[in-house]
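Please look at the model that follows with its overall dimensions in mind, and then with attention to how its chains meet.

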Amino acid sequence: MISKYLEAGSTYAGDIDSLILLILAVVGFWGLLAEVVFFGLIFKFAEKEGVKALYVTGEDPKEKRWVSIPHYLTLIFDVMIIIGALRVWAEVKLDMPQADETVRVTAQQWAWTFTHPGPDGKLDTEDDIRTVDELHVEVGKTYHFELASRDVLHSFSVPIFRLKQDIVPGRIIKGWFKPVITGTYDIQCTEICGIGHGLMPAKIVISEAGKHQAWVKANAGVAAVAAPVSGSTGGMP
Amino acid sequence: MIRPIATTREATGIPTGRLAVWWVIASEIVIFGGLLGSYLMHRLGHPEWAYQSVHTNTAAGAFNTFVLLTSSLFAVLAHDAAEHKDGKKAAKYLMITCLGGLTFLCVKGAEWTHEIREGFTLTSNTFWSFYYTAAGLHGIHVIAGMIIMLFVAADAAKGKELQRVENIGIYWHFVDLVWIFLFPLLYIAK
Amino acid sequence: MSSNSESLGHLPIDAMSTAAGEATKTDTHGHSHDAHGGHGEHHEEQNFFLKYFWSTDHKIIGMQYLFTGMLMALVGGFTVYVFRMQIAFPGISVPGWGRVTPANYDGLITTHGSVMIFWVAMPVLIAALGNYLIPLMIGCDDMVFPRLNRLSYQIFAISILVLGASFLVKGGAFGGAWTSYPPLSAKAEYNLTPQGAPLWLLAVALEFVAFLLGGINFVTTVMNSRAPGMKMFDVPMVVWMIVIASILFMASVGPLVAGAVMLLFDQTVGTHFFDPNKGGDPILWQHLFWFFGHPEVYVVLLPATGIVAEIITVFSRKKLFAYKTVLYTAVGTGVLSFFVWAHHQFIAGIDPRMANIFSLTTLLISIPVAEMMFVFIATLYGGSIRLTVPMLWALAFIGEFLIGGVTGIFLGASGADIYFHDTYFVIAHFHYTFFPIAFISVFAAVTYWFPKMFGKMMNETFGKLHFWGTIIPFNFIFIPLFLLGVRGDHRRIFDYSRFPDLMKPGMPELRVLATLSLVTLLAFQAIFLLNFFYSLFKGKKADRNPWLANTLEWQTPSPPPHGNFPEGLPTVYRGPYEYSHPDRAQDYWPQNEKAAS
């Protein structure tokens, strides 16, 4: 459903979409049914001359069926949804498949710094590539990311991956993704981080292996200073 | 002051004033609960805070515990006197309870003066922030209790509103109880 | 149509002993019942100030809260108008405001959120209706602590002044969202509102104190001061709901009060409770906030469902289906609501395994809430439904809240929340719950109890026009927002043009549609205000029981005088929902009417 509007760009994006579709089917059906019954009753039992309303206490088990059966149905479908939800959650947030490469994401008011390993494939070496507001990855590779913040809370959101993770200052939060499509897409900050919150767009550039390697070679050792976009108030270095 | 009829009803069998005090205490428990819960979470995550808490004065804290417990005893005696309709005696015991509160605050003041002189202030680190915030919040409750108690005692001495002696007593026991939690958490745990 | 004249002969004991009726007939105020002794002994006309601003009468205090809440709703409505205009037409000079800067935008969204929840939903649903209705519906003359009640309103009024002051100080109003997450909210160098942030927090804290005092009063009053004969299950549902909500509030707000003190210290004296670089923990605030914040949803939801229960029974002439079940689901919801808070924090950096537990509890809470809706729908079965204005609102509550409820499942399911968290899907979801709560149910309540409050009937035609003019645009605001959320629009962004993926064809148009619908909705509120004030002064005079209802407030003159029941405080003989009883010719049976035999 969502991929109609926004490409499913990671291995787990499709699973999240299917989960959403499952929930939509379940709550859509039952929600619609409830609304139909509700409107039906309003029309059916509109005031009529000389017809007195029924006197129903609803305490008798036979009458109570009308709410207790839906009650148990809710429970059953809740269980169904929860199983789906927890499976997807485990896939995205609990599992950590072996990484091919690791990137470091540093957020600050109001810019992103992305640290890519250089040609040697390792972080914290001389050939690391640091970019501002642009993350370069290779399609089909499994990436780990390490999120850090220089000041306040931010949130690293890549809508095409269906990925979102808050960034907490003072901590390194890890996660993973594996892109399956190529192209250039939005990265958002989805936690309010001050007046420049809306001025924190970044891009993710997903390329074929050859193109990506060429980019890595051409930029090896580039250390773009983590310059703030506009008038950052700084914070902890 | 003539009360609304509502105030004089007792559908639960508990007088309205006492019932309200219990609800006040219930809402206070969660306030202190939130603060102490936050402190405990931090404390467990920061074993190094033990090096800070050694600077608290356990003897003074213990003395204050004793003072508060004694004052609570006098609150009970005041309640007992009020039950026997002896307003004057109840007022006298309440004044002694107040004196206990005052002693507590004086000791606290001396402690804090000493600690601040040694350089342990509200902003020194998070242990001291909790120390001053929790004890300060408790101290405010002691002061508020004493002020209310003076009013209740003044009324009681004239034989009026004797049921309030019990109500303020319940509140005072609560203030006492909070200290019983604060003392080990802030002083003894080292 | 006068109510039960035959019941008037049964004066309860306590009413006779104190001659409450006599006292209250002489004037509306200032008799011995008024706790404010200094003015209480005079019999001359009270001046305007004393009557309307210094009263201890629960009805006056209820109206103070109601009018204050309505005024604040205008503030909340104006702020949303300004920032929605900015979203739909970025960079436009908004009529009545001017150009919206990013700092303006953050201040506006923060004000909209906090005002609508803390200064509209809470005062109107809990304080206004609780104050006005509780003593009348349980059959006593006032709250048990009238002066405490007045103090509660005064503290509330001060909280508004403090909030207002935060707009005037250097740096302007706080813009860190109504959730006020540190470190952004804790340090001026991050939020750039050195005075606005602490003032905002102080205002919220004062508001909490006001409602704690009010809540203690409500709970004690209902526990102790019910009319003779009124047993636990004879209490009208709305009273039960306000009491449960007050207890929920009391039990959940404490940690946040402590948290507010800590955050205020972080802001003003330089402590580091929430500063990760100095041994603090910013996530702690989120726990304290949502431990309150989620029960708070039910604090406002429950009174709203109570209102709906009162109204649908009266206008379908039906007994409430399974009274006890409603009560148990309310209690169950309340208890469960303490175990779901972290579903707001699935991706906040908490241990991801915790999300499993909270996802489970969150889906579980859908069961009692859904059951409550089933009960309301079942109540309609076999009824004799009259679509009066209050009934339309009450039914709309059920229809719209259902949508809010089922969309919550998407967010409670942790796996799906990864995508939906902090998108417009969330906004649309909670407005489908909060708008029915804070506005639809309140319009139901105001149109239903207006004859009692002011002794005048409201105009039905204008009422229906206002109803459709609100409900239709409401759906046209939030259905587009659902779609935008699905397509990835994230929250609290003042201009989407920097995000190419969010500027695809159709998306700007949806934003414009939502904004235009909002403007339409706001414009229709003028009809409500017109109707309200026109009816107040020029409306048709109302009988004491125009809707032929059972509950006690309808068995006394409209509006009730000071002391509430001039014929003597009532005694209760039956439950509140004995409509269309088979043994009776009339289709209603007032609670205080003695059985014929």
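The radius of gyration is taken here over C-alpha atoms, and the globule rule is 2.2 Å times the number of residues to the power 0.38. Whereas a compact globule of 237 residues would have a radius of gyration near 18 Å, that of chain A is 25 Å. The C-alpha trace of chain A spans about 90 × 40 × 30 Å along its principal axes.

This is a predicted model, in which local features need pLDDT of at least 70 and side-chain atom pairs count only at pLDDT 80 or more, while totals for chains, interfaces and linings use all residues. Residues are numbered from 1 along each chain as its sequence is written, and chains are lettered from A and ligands numbered from 1 in the order in which they are written.

Helices (H or I, at least four residues) and strands (E, at least two) are DSSP runs, numbered from the N terminus. Chain A holds 3 helices and 10 strands, in the order α-α-β-β-β-β-β-β-β-β-β-β-α from the N terminus. Of the 237 residues in chain A, 39% are buried, that is, they have 20 or more other C-beta atoms within 10 Å of their own, with C-beta atoms placed from the backbone.

Two residues are in contact if their C-beta atoms, placed from the backbone, lie within 7 Å. Among the contacts in chain A with a separation of 6 or more, 69% join residues 24 or more positions apart.

Between chains, the contact takes 78 residues from chain A and 85 residues from chain C. On the side of chain A that touches chain C, the elements giving two or more residues are α1 (13-44), α2 (61-94), β6 (154-158), β7 (163-167) and β9 (183-189) of chain A, and α2(A) provides the largest share, 18 residues.

Notes:
Buried ≥ 20, exposed ≤ 12 C-beta atoms within 10 Å, placed from the backbone.
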